[in-house]
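The report below describes the fold and the ligand surroundings of a single model. Please read it with the sequence and the coordinates at hand.

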Amino acid sequence: MRKPKLRELGEAIRAIFLGPYTSKFPSKPSVPEHRFRGKIEFDFDKCILCGACVEVCPANARAQEDDLIKRMRREIHYQERCIYCGQCVGYCTTKQGISHTLEYDLTQIENKGFENVIEKELILCEKCGEVITTRAHLLWIARRTGELAYANPNLFLVLSQEYGEQAVPKSAEIPPYRSEHLRFLCPSCRRTVYLKEIWGY
Ligand code: SF4
Ligand code: SF4
């Protein structure tokens, strides 16, 4: 007969005094280790809907939809597709927009309620209607940029509106005057307004 190894003997003696390693789940849920990758949750205030987490998701468990009529962006986390790899948490732009919880008991018999959705306002180019990004994203950049934000019209505008000020009177059209450059414009339209329409290039 093979003699028991010392390590196994130690484990057996330990189990006699301290009890088994296994828990009596589900009657007594076990507490996961603090770095456990459990259910993923958004933080509505900290997520800016930039989409970085959608780009890095290897399981196609995240998606973004832009509604140009309502001017809203939705981000959806499809929990049933998630492999809990943590890429989205690790690469989150704000580092606080999304996190793992310690929740692991996610079984259910109906295929609904798995989606986690967050929505925020979109900013569109006032000249061509292209999506620039979300208001929250622009604000986040403006606050990190500090006083340099006032050199960028999009950032200046979003900060002004955040503080309840109307930077310039609005007109229906965007005439090619420098005084009208304080608009939300995509890079292409800003180039057109600055170079082509103002300077004739
Ligand atoms: S944990 Fe991984 S699979 Fe799940 S949403 Fe994040 S990146 Fe995608
Ligand atoms: S802020 Fe973070 S969680 Fe929100 S969309 Fe960007 S990367 Fe994803």
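Strand 2 and strand 3 form a hairpin in which four residues lie between the two strands, and Arg71 in the turn has a positive phi of about 55 degrees. Strands here are DSSP runs of E with at least two residues, helices are runs of H or I with at least four residues, and both are numbered from the N terminus. Six bridges join strand 2 to strand 3 (residues 72-78), and the two run antiparallel; strands are said to pair if DSSP finds at least two bridges between them.

The model is a predicted one, in which local features need pLDDT of at least 70 and side-chain atom pairs count only at pLDDT 80 or more, whereas totals for chains, interfaces and linings use all residues. Residues are numbered from 1 along each chain as its sequence is written, while chains are lettered from A and ligands numbered from 1 in the order in which they are written.

A second hairpin is formed by strand 5 and strand 6, with six residues between them, and Gly129 in its turn has a positive phi of about 85 degrees. These strands pair in the antiparallel sense over three bridges, and Leu124 has Val131 in strand 6 as its bridge partner. The two hairpins can be compared in a table.

| Strands | Residues between them | Turn residue with positive phi |
|---|---|---|
| Strand 2 and strand 3 | four residues | Arg71, about 55 degrees |
| Strand 5 and strand 6 | six residues | Gly129, about 85 degrees |

The chain as a whole has six helices and six strands, and its elements run α-β-α-β-β-α-β-β-β-α-α-α from the N terminus on. Of its 201 residues, 17% are buried; a residue is buried if 20 or more other C-beta atoms lie within 10 Å of its own, exposed if 12 or fewer do, and partly exposed in between, with C-beta atoms placed from the backbone. Among contacts between residues at least 6 apart in sequence, 61% join residues at least 24 apart, a contact being a pair whose C-beta atoms, placed from the backbone, lie within 7 Å.

Helix 1 is hardly covered, the count of buried residues among its 13 residues being zero. Its end C-alpha atoms are 18 Å apart, which agrees with the 18 Å that the 13 residues of helix 1 (residues 6-18) should span at 1.5 Å a residue, because the expected span is 1.5 Å times one less than the number of residues. Just after helix 1, Gly19 takes a positive phi of about 90 degrees.

In helix 4 (residues 135-145), by contrast, the buried residues are Arg135, Ala136, His137, Leu138, Trp140 and Ala142, and what covers them includes strand 5 (115-124), strand 6 and helix 5 (153-162). Gly146 follows helix 4 and has a positive phi near 70 degrees. Leu155 has its place in helix 5 and counts as partly exposed because it has 19 C-beta neighbours inside 10 Å. Not counting residues up to four places away in sequence, Leu155 touches Leu138, Ile141, Ala142, Thr145 and Ala149; the C-alpha atoms of Leu155 and Ala142 are separated by 5.4 Å, with the two residues 13 apart along the chain.

There remain the surroundings of the ligands. Ligand 1 is surrounded by 14 residues, of which Cys57, Cys82, Cys85, Gln87 and Cys88 are the closest, a residue being near if its C-beta atom, placed from the backbone, lies within 6 Å. By class, this shell has ten nonpolar, three polar and one charged residues, where Ala, Val, Leu, Ile, Met, Phe, Trp, Tyr, Cys and Pro count as nonpolar, Asp, Glu, Lys and Arg as charged, and the others, Gly among them, as polar. Cys57 is found in the loop between helix 2 (52-56) and strand 2, and counts as buried because it has 20 C-beta neighbours inside 10 Å. Leaving aside neighbours within four places in sequence, Cys57 is in contact with Arg62, Gln87 and Cys88. Around ligand 2 there are 13 residues, of which Cys47, Cys50, Cys53, Cys92 and Gly97 come nearest, and the shell divides into eight nonpolar, four polar and one charged.

Conventions: Contact = placed C-beta atoms within 7 Å.
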